[in-house]
Amino acid sequence: MGTQTRIVLYAADAASADRAMRAGFARIAQLDSELSDYREDSGLMRLAAQAGCGDIAVGADLFRVLQAGQDVAERSGGAFDVTQGALTRLWRSARKLSELPRSERIERARANGGYRYLHLNAQARTVRIDRPGIGLDVGGIAKGYAADEALAAVTGQGVTRALVALGGDIAVSDAPPDAPGWRVSIAPLAPAQAPLRATAQTTLYLRHAAVSTAGDAEQWFEVDGRRYSHLIDPRSGWPMQGRSATTVIARRGIDADGLDTAAALLGPIEGARLVESVPGAAMRMERDDPLANATEVRASTGWPRQNHSLYDGAAPLHGRAAVAATARPLPSTSSSPP
C-alpha cells in the first residue's frame with residue numbers, strides 16, 4: 001500500500017511476541033495483495049479491469065473496504081470517492097514531473113469516475129461498476145483497515161497490548177503496562193514560511209482506538225510558486241492548495257482513515273459535521289492563515305480539550321469521547337500526514 005509499517009507490542013515472552021508480530025505482518029501482506037493499486041494482480045485491480053462487465057464476486061476484505069468507502073462517499077457528498085483511480089494516477093504522474101496536467105485531461109479523468117457508478121450487493125458479495133474504464137483507488141481508507149486487521153491478528157495470538165502503524169494511520173488495543181494508553185503525538189503543521197507561527201504539538205493517550213492524519217507534510221509539489229497537495233478533490237478534479245493537516249480519532253482505523261481525507265477536503269465546518277456523524281469520532285484541523293501570519297485550528301465536538309487526554313474507544317459515550325488523564329511519560333508514536 002505504498003507506506004512503511006510498524007508493530008509495537010507487549011507480550012509475556014519472546015516466543016509469544018514473535019508469533020504475534022508474524023501474524024500481524026502476514027495479515028498486512030495479505031491485504032496489500034488484495035487492495036493495492038500499485039500491483040496489477042491485486043484483487044482491486046482485477047475488479048477495475050472488469051468494470052462494465054456486470055456483477056463481479058470479490059473477496060471479503062475488498063468488499064468491506066469498498067462498502068466503507070461508499071459510506072464515506074455518501075456522507076460527504078462525494079468528497080471521498082474510491083472510483084477516482086484515473087485522477088489518482090494522473091496527479092501521481094504530475095507530482096513526479098512537477099508539472100500541472102492540461103485542464104482537459106483533468107476533466108476527462110474526473111468524469112471517468114463517480115461513486116454512484118459503483119454498486120455493492122452485500123448478500124451476494126458482488127460489485128458492479130457501470131462503466132468500462134473506471135479506475136479504483138482505496139488508498140484513502142485501506143491503510144486504516146489494514147491497521148485494524150493487523151491488530152486483530154496480533155490479538156488473535158493472545159497479545160492484547162499492541163500498536164500498529166501504517167504511515168500516518170495508527171490503531172491500538174489495550175494500554176501498555178502502567179500507562180493509561182498509548183502516547184500518540186500529533187505533529188503540528190510545519191509552517192511553509194519561516195515567519196509563520198506554528199502551533200504546539202498535541203499529545204493524546206489512546207486505547208482501543210485509532211488515529212489518522214491527512215495533509216501535505218510529505219506528499220506535495222510546487223508549480224509557479226503554488227503548493228499542491230496529494231489530496232485530490234473528486235468534485236473538482238484538483239488537489240488541495242494551502243497548508244493543512246486534519247487528524248481524526250475514532251474507534252476503528254477504517255473510520256479514522258476515510259474521515260480525515262473527506263474532512264480535509266470539505267473544510268472545517270462541513271468536515272466537523274461529517275466526523276460528528278460517526279459515533280465516537282472527533283477531528284482537529286490546522287490550516288495556514290497567511291493574513292493572520294498564524295495557523296488556524298478548528299476542532300469538532302468530542303475532540304479532547306486538554307493536551308495529554310485519554311481517548312478510549314471501548315468506553316461508553318457520554319457526549320465526550322475523551323477524559324483528562326494523568327500519566328507517566330512513554331515513548332511517543334507520531335501521527336503525521338502521509
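Asp255 sits in helix H7 (residues 253-266). Helices (H or I, at least four residues) and strands (E, at least two) are DSSP runs, numbered from the N terminus. The model is predicted: local features need pLDDT of at least 70, side-chain atom pairs count only at pLDDT 80 or more, and totals for chains, interfaces and linings use all residues. Residues are numbered from 1 along each chain as its sequence is written, and side-chain values use heavy atoms, with hydrogens and water left out.

The relative accessible area of Asp255 is 19%, so Asp255 is buried. Here buried means under 20% relative accessible area, exposed over 50%, and partly exposed in between (1.4 Å probe, protein chains only). Asp255 is in contact with Ala250 and Val278, leaving aside neighbours within four places in sequence. Contact means heavy atoms within 4.5 Å.

Helix H7 also holds Asp257. Asp257 counts as buried because its relative accessibility is 3%. Residues up to four places away in sequence are not counted in what follows: Asp257 touches Gly139, Gly140, Ile141, Ala142, Lys143, Gly144, Asp169 and Ser212. Gly168 and Asp257 are 89 residues apart in sequence. Their C-alpha atoms are 9.0 Å apart in space.

At the level of the chain, there are eight helices and 18 strands. Of the 338 residues, 54% are buried. Among contacts with a separation of 6 or more, 66% are between residues 24 or more positions apart. The accessible surface of the chain is about 14,900 Å². Carbon and sulfur atoms hold 48% of this surface. Accessible areas come from the Shrake-Rupley method with a 1.4 Å probe; for residues, only the protein chains shown count as cover.

Helix H4 spans residues 85-97, 13 residues in total. From first C-alpha to last, H4 reaches 19 Å, close to the 18 Å expected at 1.5 Å a residue. The expected span is 1.5 Å times one less than the number of residues. The buried residues of H4 are Gly85, Leu87, Thr88, Leu90, Trp91, Arg92 and Ala94. An α-helix has 3.6 residues a turn, so residues three or four places apart point the same way.

Ser98 follows H4. It lies in the loop between H4 and helix H5 (103-111). Ser98 is not a glycine, yet its phi is positive, about 55°. With 41% relative accessibility, Ser98 counts as partly exposed. A positive phi, near 60°, is also found in Asp178, again a residue other than glycine. Asp178 belongs to the loop between strand E6 (169-172) and strand E7 (182-186). Its relative accessible area is 71%, so Asp178 is exposed.

Lining residues have an atom within 4 Å of a point. Grid points are joined across faces, edges and corners, and a volume is the space filled by probe spheres set on the points. The count comes to one cavity of 30 Å³ or more. The largest cavity has a volume of about 40 Å³. Its lining consists of Ile186, Ala187, Thr213, Ala245, Thr247, Arg284 and Glu286. Strand E13 (244-250) and strand E14 (282-289) are the elements that give two or more residues to this lining. The lining divides into three nonpolar, two polar and two charged residues. Ala, Val, Leu, Ile, Met, Phe, Trp, Tyr, Cys and Pro count as nonpolar, Asp, Glu, Lys and Arg as charged, and the others, Gly among them, as polar.

Technical notes
1 Å grid on protein atoms, 1.4 Å probe; cavity = no way out; pocket = protein on both sides within 12 Å on 5 of 7 lines; lining within 4 Å.
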